[in-house]
Amino acid sequence: MSIFYTGINPINKFKVVPIFLTINSAYAPYAAASVHSLMQNTDPKRYYRVIILHDGLNFVNRIRLRSLVTKNCAIQFKKMTRSLYLKAIIAYCTKRQKGAGDFFSSAVYYYRAFIPWMFPLYKKAVYIDSDTILRGDIGELFDTDLGDKVLAAMPDPKVTVIPEFRDYVDNALGVPHSEYVNSGVQVMDLRKMRKMKYLTTMTDLIRKYDADLVAPDQDYLNVILRGQIVFLEPKWNAEPVSDLPKSVKLVHFNLFNKPWHYKNVPCERLFWNAAKGTGFLGDLKRQQAGFDAEKQKADHEKVEALIQKAGRLAKVKKPVIKL
Ligand SMILES: [Mn+2]
C-alpha cells in the first residue's frame with residue numbers, strides 16, 4: 001500500500017457502500033471487532049465506507065479504529081454536533097432512560113436517526129449496531145430492494161419469545177408484535193427519510209409525550225415507520241446460537257450473553273476471531289476477566305428490570321404515543 005494512502009476511497013462517493021455505526025468510547029472495542037469482521041468479508045470489486053458517529057472518541061480509540069482500513073474499505077469519523085435536536089434528545093434520555101433497566105440510558109442509540117439529515121449526499125445506507133459480527137458481504141445487505149418502503153429491518157425475536165415485551169409492543173406502542181423490528185441492523189432509504197422528516201417527527205414525539213419507553217429510538221422507529229418496513233431475512237440479524245446455520249451472514253449479540261462479558265456463550269469464537277488484530281484484544285480480555293460474579297449479578301438484574309418495566313408499561317388501555 002502506498003505511503004500516501006489515506007483510506008479515502010478515490011472514487012465517486014455515490015458508488016460506495018456506506019455503513020454507519022454510532023458509538024461512544026465504551027463501545028469502541030466492540031465496534032472494532034464488528035468493523036474488522038465487516039472488512040474481512042467484503043467483495044474486492046466494491047468500495048465501502050464505514051462512518052462512525054461518536055460523541056468524542058479519544059485519540060487512542062480513533063487510531064486503533066482507523067488502522068483497520070483496507071484497500072477497498074475506508075473509515076470516517078464524524079463527531080455529533082450539539083444541534084437543538086440532539087439537545088432535546090439528551091435532555092429526554094437523561095430524564096427518562098435512567099433508573100430501572102439502565103441498559104439504554106445513552107443518547108448514542110438516537111444518533112442513527114440523524115444519519116439522513118447529516119449526510120444529505122447519500123441516498124441509501126446501512127446501519128449496524130456495534131455488537132454485531134459479519135460473516136458475509138455487507139454489500140449484499142445494502143443491495144436489499146426496499147421497493148416503495150422506507151427501511152429494511154428484522155422482526156425482533158426477543159419480542160416474540162418474551163411475553164412482557166410482546167404485550168408492551170402491542171399495547172403501549174400500538175404496533176402489532178409481529179411487525180415490531182429490531183433496530184440493530186437497518187437498510188435505510190435516506191431520501192425517503194429526509195422527505196418524511198424522520199428526525200423532526202421523532203423529536204416532536206419526544207417533546208410532546210415525554211414518554212417512558214423500554215427501548216430507546218427503536219420504539220419510536222417502529223411507531224413512525226409502521227407499515228413502511230421491509231422485513232429482512234433472519235440471516236442478516238441472527239441471534240447467537242451454538243448451531244449457527246451456515247447461511248447466517250450477521251450475528252447480533254443483542255441484550256444478553258455478550259462474549260466480552262461471559263465465557264462459554266454461543267458464537268464467542270466468532271467474536272474473538274474478529275477482535276484479534278484490532279488493538280483492542282487486551283482490553284476485551286481484561287474486561288471479560290473483570291466481569292466477576294457481582295457484575296454478572298448486576299447484569300442479570302438489569303435484564304430482569306427491563307422485562308419488568310415492559311410488563312408494567314404494557315398495562316395501558318391505549319398506546320402512549322400517537323403519530
Ligand atoms: Mn445491539
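How many bridges join strand 6 (residues 151–155) to strand 8? There are 3, and the two strands run parallel. Strands here are DSSP E runs of at least two residues, and helices are H or I runs of at least four, both numbered from the N terminus. This is a predicted model, in which local features need pLDDT of at least 70, side-chain atom pairs count only at pLDDT 80 or more, and totals for chains, interfaces and linings use all residues. Residue numbers start from 1 along each chain as its sequence is written.

- An open sheet of 7 strands has the order 3-2-1-4-7-6-8, with mixed pairing; two strands pair if DSSP finds at least two bridges between them.
- Strand 3 (73–79) and strand 8 (229–231) each have a single partner strand, so one side of each edge strand lacks a neighbour in the sheet.
- Direction ignored, neighbouring strands are turned by 30° against each other on average.
- Ala152 stands opposite Val230 in strand 8.

- Helix 1 (residues 28–39) lies across strand 1 (17–23), strand 2 (48–54), strand 3 and strand 4 (124–128).
- Helix 1 runs at about 165° to strand 1; angles run from 0 to 180 degrees between N-to-C directions, and axes are lines fitted to C-alpha atoms, for helices over the stretch in contact.
- The largest nonpolar core has 94 residues; such a core is a set of buried Ala, Val, Leu, Ile, Met, Phe, Trp, Tyr and Cys residues joined through C-beta atoms within 7 Å.
- Buried means 20 or more other C-beta atoms within 10 Å of the residue's own, with C-beta atoms placed from the backbone.
- Ile19, Ala31, Val50 and Ile52 have the most contacts inside this core.
- Helix 1 supplies the largest share of the core, 8 residues.
- Val50 touches Ile19, Leu21, Val35, Leu38, Cys73 and Ile75, leaving aside residues up to four places away in sequence; contact means C-beta atoms, placed from the backbone, within 7 Å.

**Helix 3 against helix 9**
- Helix 3 (residues 84–96) and helix 9 (residues 198–209) pack at about 40°, with axes 10 Å apart.
- Tyr85, Ala88, Ile89 and Tyr92 of helix 3 meet Leu199, Thr203, Ile206 and Arg207 of helix 9.

**Helix 7**
- In helix 7 (residues 163–173), the buried residues are Phe165, Arg166, Tyr168, Val169, Ala172 and Leu173.
- Their cover includes helix 6 (157–161), helix 10 (216–224) and helix 13 (293–313).
- Gly174 follows helix 7 and has a positive phi, near 70°.

How values were computed: Contact = placed C-beta atoms within 7 Å. Buried ≥ 20, exposed ≤ 12 C-beta atoms within 10 Å, placed from the backbone.
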